[in-house]
Amino acid sequence: MKIDIRRAGENDLNGINRLLRQVLDVHHNGRPDLFKANGKKYSDKELSEIFSDYNSPIFVAVDEDGNVVGYAFCVFQRHISSGILKETKTLYIDDFCVEETLCGQHIGTDIYEYVLKFAKANRCYNVTLNVWACNKTAIKFYEKLGLLPQKITMEKILSN
């Protein structure tokens with residue numbers, strides 16, 4: 001399958017919303033105690049604002065027919081020098097998805113490599129992301145790409 005990766009725009013709204021739903025389903029199935037069965041991470045208005053925000057690029061992979069088959073929501077982050085940490089510029093991947101029926105066709109790898117090139121061109125020190133422990137498929141994918149844990153969030157659930 002031939003895909004093109006580019007900055008997202010208004011014409012990609014429906015495809016992005018469809019994939020956001022898939023991501024919600026994965027998280028709800030893995031952690032129904034935290035994620036709602038129905039909901040929406042961003043309103044259409046919020047997505048429209050993100051499309052035009054230089055500091056929050058969304059990259060989409062589209063097929064020959066213009067259908068969105070994957071995305072990466074990114075955010076530039078600046079970590080200001082502190083008493084113990086050096087100043088860094090990071091490109092944080094806030095959300096990442098490939099159409100579930102197309103997994104294994106290297107679309108996710110292509111999107112990730114595109115994000116890396118973008119981050120390098122913008123002089124970022126690193127690219128980071130968070131992944132839920134219940135999402136074993138995503139963890140294996142990210143490890144295959146060479147990502148390593150930077151820090152780990154731990155929890156103890158106090159109520160049912």
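Arg 6 is partly exposed, with a relative accessible area of 29%. On this scale, buried means under 20% relative accessible area, exposed means over 50%, and partly exposed is in between, using a 1.4 Å probe and protein chains only. This is a predicted model: local features need pLDDT of at least 70 and side-chain atom pairs pLDDT 80 or more, while totals for chains, interfaces and linings use all residues. Residues are numbered from 1 along each chain as its sequence is written, and side-chain values use heavy atoms, leaving out hydrogens and water.

Arg 6 sits in strand β1, residues 4–7. Strands (E, at least two residues) and helices (H or I, at least four) are DSSP runs, numbered from the N terminus.

What does Arg 6 touch, leaving aside residues up to four places away in sequence? The list is Asp 12, Ile 58, Phe 59, Val 60, Val 62 and Tyr 114, where contact means heavy atoms within 4.5 Å. With Asp 12, the side chain of Arg 6 also makes a polar contact of 2.8 Å. A polar contact is a pair of N or O atoms within 3.5 Å; within protein, one must be able to donate a hydrogen and the other to accept it, and residues adjacent in sequence count only if both atoms are side-chain atoms.

Now the largest nonpolar core, which has 25 residues. Such a core is a set of buried Ala, Val, Leu, Ile, Met, Phe, Trp, Tyr and Cys residues joined through side-chain atoms within 4.5 Å. Ile 93 is among the members that touch the most others. Helix α3 (107–121) gives the most to this core, 6 residues.
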